Amino acid sequence: MIPREVIDEILSRNDIESLVGSYVSLKRAGSNLKGLCPFHSEKSPSFTVFPKDNSFYCFGCGVGGDAITFVREIEHLDYPDAVAFLAKRVGINILPDTDAPSGGERKIDKERILKMNVDAAKYYHAALFAENEKARAALRYFTEKRALSMATIRHFGLGYAPDGFDVFTKYMLSKGYTHEELVAGFLSGKSERGHYYDAFRNRVMFPIIDVSGRVIAFGGRVMDDSQPKYKNSSDTPVFKKTRNLFALNFARQSCAETMILCEGYMDVIAMHAAGFTNAVATLGTAITADQARLMSRYTKKVIISYDADEAGQKAAVRAMRMLGEVGLEVSVFKVPDAKDPDEYIRTFGKDKFRAALDASKSKFEYNTDRVLSKYNLDIPQEKINAIAEMSEMIAGFYSAAERDVYVRAAAKKFGVSADALSRDVERIVKRNVKTYAKEQTQKIRQETAGFSDRVNADFVKAPTVAKNEESVLGLLLLFPNHRRKVFEENMLSAEDFFTEFNKKVFLYLQEAYKNGEDPAARMNEVFTPEEIGRLTKIKLARMELTDNGDEVLTDAVAALKASYAKKQAEGTNTYEGLNALLANIRKSTEE
């Protein structure tokens, strides 16, 4: 275990403002800072950083905590890895505590898998230059069919997985890795009969590298038209395909203003080879909210460059929505006279590609063209349908001024008055606002009743008791003198708590007091990021109240005990009220 004093030093050196500011654009709001939340999509900032106590909280999604919690969530790390991440950030050396026991089975951990991936990447790269016909065919695929230079091949660490049942697996075993580690890293598979085999065979290989320069996964492609064309690593302890982007390790260094989003590895590599080093690609899946937020850390604008076929254009529409939701400016590049960017660059050259890229269409222009291509405007009903679809699209823009500009442009294209189109659009906006308000009311109603509570599942069984528990816990979390009074005078015990989560918090605080520790000291070791977010919310709710003296504590403890006693007296009758509430919610939803 890492000594407590070392963790304290790591936290003290990692100033929350600079840490969060490296991921989120923050603006001063009094003594605090605000920005768009990196953990959910929003247009109005609800994410707040509190420099005074080195913490953060999002009033929109409820994520909150300290620097360790932030890194756990933003980098998708567990507690030890988050501490190691922060230690490295400020130049503190910490020793790993996961040494393999001598003579025993080696423990599978992230560092082992990362090291294994590096050795695998070296193996695949060397195999590309082996003296056999299949390796030479793989090299020709890159140099002749894809017109890549040797410099580009080495830059991306491209390789080849030999065509053998377990050739690679046996090599990695000779390097000291175990079957279990190879399977965990998705480098080997295990058959139903218990035989281990190479996960990638007779494929050209693409190492996937994260922004820290670590090899985290691989993609493999066949060299002919056989299926499946691509095979990608499944999720492993070091890789989540929905949270990473191919070539972002290179693109983030060159794309201060614009990033190009592609569909495939070869499109990205071709673009980088032609000088467009701000290109990235998703990893065999449609773009996700996590990937959109990841891109927003490094750029302000994204040009979507997907294949020209129908599937590619449908994917572009989805990507526009996902990227727009995180505040990115989006335009779409529709590849002319080629099936994809790679083919266009090889056919027409990088200069023509640059000119075509510069002419990429805005979200509005792209959608307008799509609508116009679907309908015959000479037929009245089709024209009405086209205007209706266009109105829906314009209504989706947040800014009223932006909607006004697009209304005027669309009115000219459709030959209708801007006033008439504007009224249609604003009617849709009002409808959408009403629908959103209804959904939010429903959400608040459910949250108030505790139905959507994933942290404290017992909340819904006794909301009054749970709220009184939180009132007491807020006082104990914030004020050392209240902890002293409660624990020294035995004002409360764990048996006075109805909900299991709040009981867990009380016992944690009690143990911390007994050991003379600051409650914040081990919070990340004991609680999940989601639970820490709840504790942060409880503290903030208490801080908003001006009176937090001894009398308030006494009253809060008395209220908790009284409500719990009442709950016990009611017994199962409480569920009658619960069922009635559920019925009301179902009824309002149906309406």
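How many helices and strands does the protein have? The protein has 26 helices and 16 strands, taken as DSSP runs (H or I over at least four residues for helices, E over at least two for strands) and numbered from the N terminus. We're looking at a predicted model, where local features need pLDDT of at least 70, side-chain atom pairs count only at pLDDT 80 or more, and totals for chains, interfaces and linings use all residues. Residues are numbered from 1 along each chain as its sequence is written, and side-chain values use heavy atoms, with hydrogens and water left out.

**View 1. The whole chain.** The C-alpha trace spans about 80 × 80 × 50 Å along its principal axes. Of the 591 residues, 46% count as buried, meaning under 20% relative accessible area with a 1.4 Å probe, protein chains only. Take the contacts (heavy atoms within 4.5 Å) between residues at least 6 apart in sequence: 62% of them join residues at least 24 apart.

**View 2. The buried residues of helix α21.** Helix α21 runs over residues 480–488, and its buried residues are His482, Arg483, Val486 and Phe487. They sit on the same side of α21 because they cover an arc of only 115° around the axis, going by the directions from the helix axis to the C-beta atoms.

Notes: Buried < 20%, exposed > 50% of the residue type's maximum accessible area, 1.4 Å probe, protein only.
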